[in-house]
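Okay, everyone, thanks for coming. Let me put the structure up, and then I'll walk you through a few spots in it.

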Amino acid sequence: MTSAPAINYPLPGDEASRLLELDELQLLDTLPEAVYDDIARLASVLCGTPMATITLVDSNRQWFKAKFGMDDSETPRSMSFCAHAILAPGAIFEVTDAAADPRF
């Protein structure tokens with residue numbers, strides 16, 4: 001008998017309802033759309049960053065609806081800054097140095 005893998009990221013208290021709402025959006029794994037790509041590109045320019053994404057976090061991954069400056073279309077949730085950002089909706093989540101932050 002195999003056990004479930006250990007979760008190495010925090011889960012929001014409303015995780016079940018959050019995942020239901022995400023599913024209702026029907027955006028996961030959809031084709032790229034210019035309007036979302038434009039928003040990601042604009043975010044990169046306005047923030048002066050080499051990359052930007054519009055990210056959806058499901059139960060085990062972060063999937064990029066739009067991306068600018070990167071090739072990946074998804075990464076494991078365990079690597080996700082967004083897994084931490086969704087803990088406080090409406091609050092700014094900033095990591096100034098990921099190499100020095102023990103969460104990453």
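Let me start with a question: does Asp29 count as buried or exposed? At 53% relative accessibility, Asp29 counts as exposed. The cut-offs here are under 20% relative accessible area for buried, over 50% for exposed, and partly exposed in between, with a 1.4 Å probe and protein chains only.

Before going on, some housekeeping. This is a predicted model, where local features need pLDDT of at least 70 and side-chain atom pairs count only at pLDDT 80 or more, while totals for chains, interfaces and linings use all residues. Residues are numbered from 1 along each chain as its sequence is written, and side-chain values use heavy atoms, with hydrogens and water left out.

Back to Asp29. You'll find Asp29 in the loop between helix 1 and helix 2. Helices are DSSP runs of H or I with at least four residues, strands are runs of E with at least two, and both are numbered from the N terminus. The backbone of Asp29 has a positive phi, about 65 degrees, although the residue is not a glycine. As background, most residues other than glycine have a negative phi. Gln26 is another non-glycine with a positive phi, about 55 degrees. Gln26 follows helix 1 and lies in the loop that runs on to helix 2 (34–47). With 65% relative accessibility, Gln26 counts as exposed.

Now helix 1 itself, residues 15–25. Which of its residues are buried? Those would be Glu15, Arg18 and Leu22. Looking down the axis of helix 1, you see the buried residues fall within an arc of 60 degrees, so they line one face of the helix. That arc is taken over the directions from the helix axis to the C-beta atoms. Over on the other side, Ala16, Leu20, Glu21, Asp23 and Glu24 are exposed. And what covers the buried residues? Part of the cover is strand 1 (52–57), going by contact, meaning heavy atoms within 4.5 Å.

To count, a side-chain nitrogen of Lys or Arg has to be within 4 Å of a carboxyl oxygen of Asp or Glu. Glu15 and Arg18 sit three residues apart in helix 1, which means about one helical turn separates them.

How many salt bridges does the structure hold? Eight. Let me pick out the ones around Arg61. Arg61 and Asp58 meet at 2.6 Å, N to O, and both residues are buried. Arg61 also meets Glu74, at 2.7 Å. That pair links distant parts of the chain, with Glu74 in strand 3 (residues 74–76) and Arg61 in strand 2 (residues 61–68), 13 residues apart. Arg61 has a relative accessible area of 11%, whereas Glu74 is partly exposed at 37%. And here Asp29 comes back: salt bridges that share partners join Asp29, Asp58, Arg61 and Glu74 into one network.

Last stop, Ala85. Ala85 is in helix 3 (residues 82–85), and at 25% relative accessible area Ala85 is partly exposed. Its C-alpha atom is 11 Å from that of Thr55, 30 residues away along the chain. Okay, that's my tour, over to you.
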